[in-house]
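Student: Hi! Could we go through the aromatic rings together?
Tutor: Happy to, let's open it up.
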Amino acid sequence: MGNLVAIVGRPNVGKSTLFNRLTQTRRAIVSETAGTTRDRQYGKVEWCGHTFSIVDTGGWVVKTDDIFEDEIRKQVIVATEESDLILFVVDVMNGVTDLDNEVADILRRQSKKPVIVVSNKTDSNELTYNSAEFYSLGLGDPFCISALTGSGTGDLLDTIIKKLDKNKGSDIDDDLPRFAIVGRPNAGKSSLTNALIGEQRNIVTDIAGTTRDSIHTRYNKFGFDFYLVDTAGIRKKNKVNEDLEFYSVMRSIRAIEDSDVCILLIDAERGIEAQDMNIFQLIQRNQKSMVVFVNKWDTVEEKTNQTIKFFENAIRERMAPWSDFNIVFGSAITQQHIFRVLEQAKNAYLNRKKKISTSKLNEVMLPLIESYPPPSIKGKFIKIKYCSQIPDTKIPTFVFYANLPQYIKEPYYRFLENKIRANWDFRGTPIRVYIRQK
């Protein structure tokens with residue numbers, strides 16, 4: 001286990017701004033709307049040769065009946081239990097509030113972890129004197145910073161490093177594959193994540209758009225080791241009205257761009273719709289591997305083999321010409337076939353890294369090309385004499401060398417791709433085919 005630092009505090013004190021400042025990213029959504037952050041957001045911090053993980057949490061609210069605030073409180077408690085050190089963020093502009101006192105009381109009584117009181121929004125020397133009132137929280141010296149401008153954050157990092165165990169490393173491994181769970185709002189993405197890892201890692205409600213950030217979870221069980229990314233639901237553009245909704249969609253798109261394999265969730269109750277196709281096209285444009293998971297299959301009445309075949313054919317027809325991917329039918333709630341999804345995602349990732357030797361590729365493909373050569377153009381015959389796989393590419397990429405590549409049309413590219421797929425297993429991953437001058 002590496003060192004983990006948790007950022008906690010009441011709503012709208014600048015926790016996500018501090019998270020972005022320390023991780024040097026913009027992964028956490030920042031808005032003036034209280035309660036923007038709902039799930040735990042993990043990141044990595046590097047400072048003076050030391051590395052540790054940090055987690056941003058939702059605003060800690062107590063004694064409330066609001067469904068989101070109750071769930072946020074649970075997430076914060078889990079984060080503080082997991083962490084090695086807690087950054088308790090307060091707002092110097094507002095001073096000590098009743099909610100600050102209640103949170104401080106909980107940290108004193110329930111948490112045995114070291115706590116640093118961070119007096120945020122200290123943008124001038126005059127405001128430094130106002131931070132003295134935070135001594136009343138009984139958690140030690142307040143540390144004056146401005147997360148927005150970065151003032152004091154270097155000294156804060158020095159203090160954090162001193163309090164952490166130097167023998168621990170970071171839990172974040174950028175070399176591990178990333179599997180992104182994507183789909184429409186309320187398709188069951190967070191439920192699938194929670195079912196896979198066996199805990200209430202992400203907030204789940206019946207309200208579409210509950211998840212706003214893209215949440216990374218390390219999954220290291222049953223022979224698997226990867227990052228599972230639960231993303232915000234991607235809505236149609238004409239339905240994206242709130243600023244928060246816009247930023248959520250942007251982070252989901254970035255999660256797709258940064259992932260290796262996308263697990264596309266389709267709601268069995270609603271079937272495949274136009275927005276599912278938009279997400280699929282986004283996955284395809286970014287050349288990501290894919291597994292389709294038809295969720296909520298337990299709610300479908302009169303399930304037969306014919307029903308599955310009809311549903312599967314409908315999906316493949318809509319997503320043609322690329323149809324070489326696996327479709328899994330199951331339910332995140334009943335956990336039906338959820339581990340099959342991981343197996344297929346792992347296979348798609350391995351296929352993404354597959355290499356075919358040049359000799360084997362030529363041995364199989366050249367006879368096929370000779371039997372079905374490219375059609376002649378204006379009396380000119382096109383000959384392909386050699387082919388190979390380009391090394392060190394993100395997806396399998398093949399190049400064929402011809403005398404007149406400019407005359408070869410798109411249908412023959414698809415013919416070559418189909419023959420490659422027929423002879424080698426590249427299921428679930430896109431491949432590229434180039435034809436160059438011999």
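Tutor: One term before we start: contact means heavy atoms within 4.5 Å. Also, keep in mind that this is a predicted model.
Student: Okay, which residues does Phe-325 touch, leaving out those up to four places away in sequence?
Tutor: Phe-325 touches Met-290, Val-292, Ile-315, Arg-316, Met-319, Arg-427 and Gly-428, not counting residues up to four places away in sequence.
Student: And where is Phe-325 found?
Tutor: In the loop between α9 (305–318) and β12 (327–329).
Student: Is Phe-325 buried or exposed?
Tutor: Buried, as the relative accessible area of Phe-325 is 0%.
Student: New topic: how many aromatic pairs does a search of the whole structure find?
Tutor: The search gives 11 aromatic pairs. Take Phe-398 and Phe-426: their ring centres are 5.9 Å apart and the planes are at 80°, so this pair is edge-to-face.
Student: Which parts does that pair tie together?
Tutor: Phe-398 belongs to strand β14 (residues 397–402), while Phe-426 is in the loop between α12 (410–423) and β15 (432–437), so the pair links parts 28 residues apart in sequence. Phe-398 counts as buried at 0% relative accessibility, and Phe-426 counts as buried at 0% too.
Student: What charged end sits over the ring of Phe-426?
Tutor: That of Lys-354, 5.6 Å from the ring centre. Elsewhere, the charged end of Arg-436 sits over the ring of Tyr-434, 5.7 Å from its centre.
Student: Last one: which residues form one aromatic cluster?
Tutor: Phe-179, Phe-226 and Tyr-349 do.

Conventions:
Residues are numbered from 1 along each chain as its sequence is written. This is a predicted model: local features need pLDDT of at least 70, side-chain atom pairs count only at pLDDT 80 or more; totals for chains, interfaces and linings use all residues. Side-chain values use heavy atoms; hydrogens and water are left out. Rings of Phe, Tyr and Trp (its six-membered ring) pair if their centres lie within 6.5 Å; planes under 30 degrees apart count as stacked, over 60 as edge-to-face and the rest as tilted. Helices (H or I, at least four residues) and strands (E, at least two) are DSSP runs, numbered from the N terminus. Buried means under 20% relative accessible area, exposed over 50%, partly exposed in between (1.4 Å probe, protein chains only). A charge sits over a ring if NZ of Lys or CZ of Arg is within 6 Å of the ring centre and within 35 degrees of the ring normal.
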